[in-house]
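Please read them with the sequence alongside.

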Amino acid sequence: MIYLDNAATTRPAQDVLDTYVKVNQNLYFNPNSPHQAGLQAEQLLNQAKAQINQILNLEDRYDIIFTNGATESNNMALKGAAYNRKPYADEIIVSVLEHPSVLEVMRHLETEGFKLRYVNVTKEGKIDLEHFESLMNSNVGLVTCMHVNNITGQIQPIEEMAEILEAYPKAHFHVDAVQAIGKIPLTFKGIDSMSFSGHKFNGLKGQGLLLVHNIHNLEPVIHGGGQEYGLRSGTVNLPIDIAIVKALKHAVHQQDDLHQRLTEWNQQLRRFFNDYPGVKVNSPDTSAPHILNVGFDGVKGEVLVNAFSKQDVMLSTTSACSSKRGHLNEVLLSMGISESRIEGSIRISMGAVTTEEDIKGFKAAFKAVYEEMKELLKK
């Protein structure tokens, strides 16, 4: 099998799995228990946070909250910041580029009386900075933007947005960095909160992180025993939290080598697709290298995914969280791509375990699928 759906999930690294099992067997204690074993577990938890601080070079600027994934992290940050600011800043700025775990939160907040402002998107799939700046005012309490788009791989202008936001101290700036970590250098300047998901960088499902610059700016959305600064009550899952540190360390340390390798394959595939009439690359040249969105004008994406599956190549149409919803992808629509090309779009996503043989195998499978579909393509 050739697995090219790494933007949906990645294969867990063996030492991450080993760490999870080892901690479960030997340090299964509750960090909130007052006995010696509980204190030992608490110490390990604090050490894990100190390691994350060091790995990401945070310089103690953020509190680190363990979650069960980016969906929970996004919900905690967005709802927490919005509720905290509602009395004096009830406007929120977002775009259609966001993951459902952000967009659906936004739509829910709108039903609670918050005013949503949608920033325009350029034809390259980037936030329109000029329009973004025009939307900013003293009533904006929350701005959210993903670091790397999960559909096209486009890198968003996070640093430029943060510079604009310097003039608006009321606004909390949240960044979904799920597709960025381990793939491109992260920027932290001017960012109030950032979310990660372990299974996107060869960790385990059910692992997540939320970095918060000032936890007092978030209202808790989960109440209970007061764990994780009172923002995420519930018994701490120590084995899963320790294991994500191992995955994060690998992701950050191998980032430069992986970026170089993926860039080479990305450019190789772009040149390869040029030889096939009717096939167009939707991902802009400025995208992160691990995601390549490709449109087959005239063929349904689901048909293509099935055809590739028969060739033992696993890829997807859009994101795994929205590919079964049956409507045109908002990200590609916002870029002005034709509906027929959007309907025939697939997403190829590479990762740390992708090999040169996988790329060669994909090309061979592509040729077979193209021969099968070429009569349907609009050229």
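1. The side chain of S95 comes to 3.1 Å from the backbone nitrogen of L97, a polar contact in the sense of a pair of N or O atoms within 3.5 Å, where within protein one must be able to donate a hydrogen and the other to accept it, and residues adjacent in sequence count only if both atoms are side-chain atoms. S95 lies in the loop between β3 (91-94) and α4 (100-111), and S95 is buried at a relative accessible area of 0% (buried is under 20%, exposed over 50%, partly exposed in between, with a 1.4 Å probe and protein chains only). Leaving aside residues up to four places away in sequence, S95 touches L103, Y118, V119, V121 and I127, contact meaning heavy atoms within 4.5 Å.

2. On provenance, this is a predicted model, in which local features need pLDDT of at least 70 and side-chain atom pairs count only at pLDDT 80 or more, while totals for chains, interfaces and linings use all residues. Residues are numbered from 1 along each chain as its sequence is written, and side-chain values use heavy atoms, with hydrogens and water left out.

3. The mean pLDDT (the predictor's confidence in each residue, from 0 to 100) of the protein chain is 95, and 98% of its residues reach 70 or more. Over residues 319-323, however, pLDDT stays under 50, and the model has 11 contacts beyond four places in sequence for that segment. Where pLDDT is low, the predicted coordinates should not be read in detail.

4. The protein chain holds 12 helices and 12 strands, assigned as DSSP runs (H or I, at least four residues, for helices; E, at least two, for strands) and numbered from the N terminus. Of its 379 residues, 58% are buried, and residues 24 or more positions apart account for 73% of the contacts with a separation of 6 or more.

5. Helix α8 (residues 255-273) has 19 residues and spans 26 Å from first C-alpha to last, close to the 27 Å expected at 1.5 Å times one less than its number of residues. Its buried residues, including W265, R270 and F273, pack against α7 (238-253), β9 (279-281), β10 (291-296), β12 (345-349) and α12 (356-373).

6. Two backbone angles deserve a look. Y229, although not a glycine, has a positive phi of about 65°; Y229 sits in the loop between β8 (208-212) and α7 and is partly exposed at 41% relative accessibility. D312, also a residue other than glycine, has a positive phi near 65°, lies in the loop between α9 (301-310) and β11 (313-314), and is partly exposed at 44%.
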